[in-house]
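Visitor: I have a model open and would like to learn how to read it. Could you take me through some features, one by one?

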Amino acid sequence: MAAKRNAVTTEAPESSAPGEGTALALDSRLSKRVESVIPKKRHEALKWFGWGYNDSQFYGKDGIICFRGEKYPLGGCELPSFTKWVEKKFDLRVDITKQYPQLPRTYPRPVENAPFLHELKGTSQVDYSAEGIDRLVRCHGQTLNDIYSLWHHKFRRIPDLVVWPRCHDEVVQLVRLAHKHNVMLVPFGGGTSVSGAITCPQNESRMICALDTSQMNRLLWLNRENLTVCFESGIVGQDLERVLRSEGLTVGHEPDSYEFSTLGGWVATRASGMKKNVYGNIEDLVVRVRMVTPSGTLERECSAPRVSCGPDFNHVILGSEGTLGVITEVVLKVRPLPSVRRYGSLAFPNFEQGVLFMREVARRRCQPASVRLMDNEQFMFGQALKPEKSWWASVVDAMKQRYVTSWKGIDLNQICAATLLFEGDLKDVQRQEALIYEIAEKFQGFPAGGQNGERGYILTFVIAYIRDFGLHQGIVAESFETSVPWDRCSLLCRSVKQRVVSECSKRSINYYTISCRVTQTYDAGACIYFYFGFRSTDVADPVELFEAIEHSARDEILSCGGSLSHHHGVGKIRSHWYRNAVTETGSSLYSAAKRHLDPKNIFALGNLLPLEEAHPTAEASPPPPTSSTPPKAKL
């Protein structure tokens with residue numbers, strides 16, 4: 001144990017990190033706090049009112065949609081084709097006079113629990129802040145409802161205090177204090193939730209404290225022999241990978257939110273990454289995990305690769321969505337960096353042929369690191385997002401199109417495409433490429449180039465910015481996902497799109513888009529992503545309308561045999577269906593665990609089950625005494 005503790009940096013109080021092996025197996029040089037791309041004051045780098053970096057966004061210029069920001073390939077590009085697509089699809093012209101919202105001048109008055117604040121200031125070394133902007137940016141995630149509420153200053157309750165623990169022991173101290181004084185805690189990582197999981201409960205009467213894990217981002221130890229590593233939970237995905245790549249290693253977990261989401265958030269939501277075919281989903285990568293609850297720290301003592309020791313408590317923590325405690329440290333599997341990384345793409349005459357290709361690839365278990373199939377609507381959307389080309393490049397594109405339509409006999413209104421990413425050593429990649437293209441040919445697919453594959457893969461990180469630009473221009477849009485058995489995959493895609501079309505027709509919505517893609521494949525089924533948006537310029541409450549249609553789409557998903565969620569989680573927006581999804585017995589089992597681990601319900605987020613169902617016996621708590629004078633921040 002002493003060797004393990006010596007491997008931990010002394011920048012913060014010692015952590016009883018779940019170590020393994022001998023002192024020689026642990027690389028103690030690496031134990032360090034990571035300089036993050038996201039500062040402690042998040043709003044200095046990230047938008048307070050939407051997704052992503054402050055310096056990256058879509059905007060209008062002379063009637064043309066453009067993108068600014070050097071962090072992405074589209075940076076500095078004008079997008080006339082995308083502009084035409086928006087005008088045609090939504091009968092809407094870009095309004096360059098519209099302004100993005102300004103920060104509010106006032107913030108909801110904080111509820112103060114005087115005994116908690118007194119003890120926090122008197123006995124704790126934890127940094128905290130009661131500044132309005134710090135509280136505001138941690139009151140929400142990234143749902144359409146969250147962003148719309150921010151823009152229209154609809155949040156009545158935001159956290160009353162933000163705290164920044166630096167290690168496991170400080171989290172233990174904070175949870176004890178909150179439990180003692182009946183203060184609600186909201187674990188806050190990257191703030192990228194699209195399920196309402198971290199949205200501040202608007203009816204909570206107690207003091208709400210946002211526990212920001214961003215300062216818990218150390219690499220605690222690395223065991224090269226076992227290929228395992230221990231990180232604190234607050235480390236951001238791109239920071240984690242940057243540190244490991246400097247050592248010639250990778251975890252390989254790359255969700256769409258990879259730039260901003262945290263390791264703890266991945267565990268809490270049972271996240272999936274774009275390269276899960278090679279590296280696995282988060283549950284495949286986790287060896288051990290620590291979570292602080294009001295009843296004590298929950299963790300598995302052994303770091304063996306597999307144990308048969310009753311129910312696996314890792315899986316009580318995985319998917320708990322902040323309702324049981326705070327995840328503090330995670331032991332993960334790592335792999336050597338692949339020597340070759342190669343992109344590719346395929347075109348198919350229609351979506352059904354593409355699905356058959358995906359099924360065959362999964363059946364033969366020969367998936368590359370990533371293979372994602374988009375339908376015709378998404379394919380056309382992706383083509384529209386290409387920057388304007390030179391005259392010669394346009395001629396070449398026209399020749400390619402003629403080849404596809406005339407020689408291949410493919411209807412451009414039916415064509416779909418798949419993006420590919422191969423990783424490994426050269427021989428393995430070459431063998432895999434040959435096999436994938438051979439399978440594709442059986443389903444009338446043909447190669448469409450590595451450049452298109454790379455562009456389609458990287459475009460994933462830019463799409464989230466479009467949602468905010470659309471909202472700015474009078475278009476509400478959002479994605480939702482599911483997983484489904486193979487024999488219902490095509491049926492579910494058709495049925496959900498037909499249901500959305502029907503719901504739009506009922507409500508006289510004439511300008512909308514609904515599309516889907518198959519993003520993950522398994523032996524028994526696949527993950528499907530849907531993208532839906534409509535023009536909302538003449539709608540009184542566009543978000544309420546969007547949610548009503550999405551609710552109908554989710555009913556259709558479930559009736560077709562789809563899951564409640566593949567990787568976004570349940571949160572608040574899908575809690576309506578949770579009881580049926582896990583049965584009455586399952587929901588009762590979750591509620592029993594909740595009552596045991598969190599008897600005062602200080603993690604009262606309302607995820608999975610509504611509050612009154614998840615914790616019916618929680619102590620009633622009248623609002624604590626309030627004061628108009630916020631505590632002085634220790635910053």
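Guide: Start with V37. At 31% relative accessibility, V37 counts as partly exposed, because buried means under 20% relative accessible area, exposed over 50%, and partly exposed in between (1.4 Å probe, protein chains only). A word on the source: this is a predicted model, in which local features need pLDDT of at least 70, side-chain atom pairs count only at pLDDT 80 or more, and totals for chains, interfaces and linings use all residues. Residues are numbered from 1 along each chain as its sequence is written, and side-chain values use heavy atoms, with hydrogens and water left out.

Visitor: Where is the place of V37?

Guide: V37 lies in the loop between helix 1 (2-6) and strand 1 (57-61). Helices (H or I, at least four residues) and strands (E, at least two) are DSSP runs, numbered from the N terminus.

Visitor: Which residues is V37 in contact with, leaving aside its neighbours within four places in sequence?

Guide: Contact means heavy atoms within 4.5 Å. V37 has A45, Q238, D239, R242 and E259 as its contacts, with neighbours within four places in sequence left aside. Take E259: V37 and E259 are 222 residues apart in sequence, yet 8.9 Å apart in space, C-alpha to C-alpha.

Visitor: How do I read a pair of packed helices?

Guide: Two packed helices are described by the angle between their axes and the distance between the axes. Axes are lines fitted to C-alpha atoms, for helices over the stretch in contact, and angles run from 0 to 180 degrees between N-to-C directions. Here, helix 5 (residues 144-151) packs with helix 18 (residues 542-559) at about 175 degrees, and their axes are 10 Å apart. Helix 5 and helix 18 are therefore roughly antiparallel; that label is for angles over 145 degrees, with under 35 roughly parallel, 65 to 115 roughly perpendicular and the rest oblique.

Visitor: Which residues meet between helix 5 and helix 18?

Guide: From helix 5 come L144, N145 and Y148; from helix 18, P542, V543, F546 and E547. By class, this contact has 5 nonpolar, 1 polar and 1 charged residues. Ala, Val, Leu, Ile, Met, Phe, Trp, Tyr, Cys and Pro count as nonpolar, Asp, Glu, Lys and Arg as charged, and the others, Gly among them, as polar.

Visitor: Now a sheet. What is the order of the 5 strands in the open sheet?

Guide: The order is 8-9-13-11-12, with antiparallel pairing. Two strands pair if DSSP finds at least two bridges between them. Strand 8 (219-223) and strand 12 (296-298) are the edge strands, each pairing on one side only. Inside the sheet, strand 9 (residues 228-232) and strand 13 (residues 326-333) pair over 5 bridges. V229 has L332 in strand 13 as its bridge partner. Helix 6 (residues 168-181) packs on this sheet, touching strand 9, strand 11 (286-293), strand 12 and strand 13. The direction of helix 6 makes about 35 degrees with that of strand 11.

Visitor: Last, R467. Is R467 buried or exposed?

Guide: At 10% relative accessibility, R467 counts as buried. R467 sits in helix 16 (residues 450-473). Not counting residues up to four places away in sequence, R467 touches W51, Q142, T143, L144, I147, A477 and E478.

Visitor: Which UniProt annotation covers R467?

Guide: The unreviewed UniProt entry has "binding site" there. UniProt positions are given in the numbering used here, feature names are shortened, and annotations may be inferred rather than shown by experiment.
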